[in-house]
Amino acid sequence: MAGDTIITVVGNLTADPELRYTPQGVAVANFTIASTPRTFDRQSNEWKDGEALFLRASVWRDYAEHVASSLTKGQRVIAQGRLKQRSYETREGEKRTTVELEIDEIGPSLRYATAQVQRTSGGQGGQGGNFGGGQQRSVQQNERPQAEQPWGNSAPRQQPQQDYSSSGSGGWATPGAGGGYDEEPPF
């Protein structure tokens, strides 16, 4: 990972992620993210779109299946990953080079939308976008009104009432396995 160029891109998917499988049965999802800068034009007193950046992206294994089942064309996403340069030769013999984003993390932008997170189990451990990670999260776009959202209820959550004042840990004491309290913060 040393020397990798890591970037974060915010943009819209130009098409549904394309899910394919290698001959060995490994899933890969490919898609393009269009990121368009917006600038304020003081002369016309309005916002204007700049030139869009179209960035090809890929994600592998269980993560690819999660992305393909969760994200669709037009959705605004936030993606982080490593830029990879790949050279190839066309059928006509021309040499070409392309830069692609190998996704480490991706999800919908919640600036103009809501989402419902559903946990899935599985994966082989590891990190870096190419491996499942124990418990993965699959995200689906959800356009229900705020009042119908499970997190949109204004009723306060019921918390157990405990006195942490004598623990000496500044309120971070949490119940431990032996009935006592650990000094670790809850996160």
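How many bridges join strand 2 to strand 3, and do they run parallel or antiparallel? Keep that in mind as you look through these close-ups of a predicted model.

**View 1. Strand 2 meets strand 3.** Here's the answer: the two strands run antiparallel, with four bridges joining them. To find your place, pick out Leu 19, which stands opposite Ala 29 in strand 3. Then look at the hairpin these strands make, where five residues sit between strand 2 and strand 3. Gly 25 in this hairpin takes a positive phi near 90°.

**View 2. Inside the second largest pocket.** This pocket holds about 310 Å³ of space. Strand 6 gives the most, with four residues. The lining has 14 residues, and those nearest the pocket's centre are Asn 30, Arg 56, Ser 58, Arg 86 and Glu 100. Sort the lining by class and you get seven charged, four nonpolar and three polar residues.

View 3. Now move to the loop between helix 1 (61-70) and strand 7, where you'll find Thr 72. Is Thr 72 buried, exposed or partly exposed? Its relative accessibility is 39%, so Thr 72 counts as partly exposed. Setting aside neighbours within four places in sequence, Thr 72 is in contact with Leu 13, Asp 16 and Pro 17. Take Pro 17: Thr 72 is 55 residues from Pro 17 in sequence, yet their C-alpha atoms are 6.8 Å apart in space.

Terms used:
Residues numbered from 1 in each chain as written. Predicted model: local features only at pLDDT ≥ 70, side-chain atom pairs only at ≥ 80, totals over all residues. Heavy atoms only, no water. 1 Å grid on protein atoms, 1.4 Å probe; cavity = no way out; pocket = protein on both sides within 12 Å on 5 of 7 lines; lining within 4 Å. Points joined across faces, edges and corners; volume = space filled by probe spheres on them. Nonpolar A, V, L, I, M, F, W, Y, C, P; charged D, E, K, R; others polar. Pairing = 2+ DSSP bridges. Buried < 20%, exposed > 50% of the residue type's maximum accessible area, 1.4 Å probe, protein only. Contact = heavy atoms within 4.5 Å.
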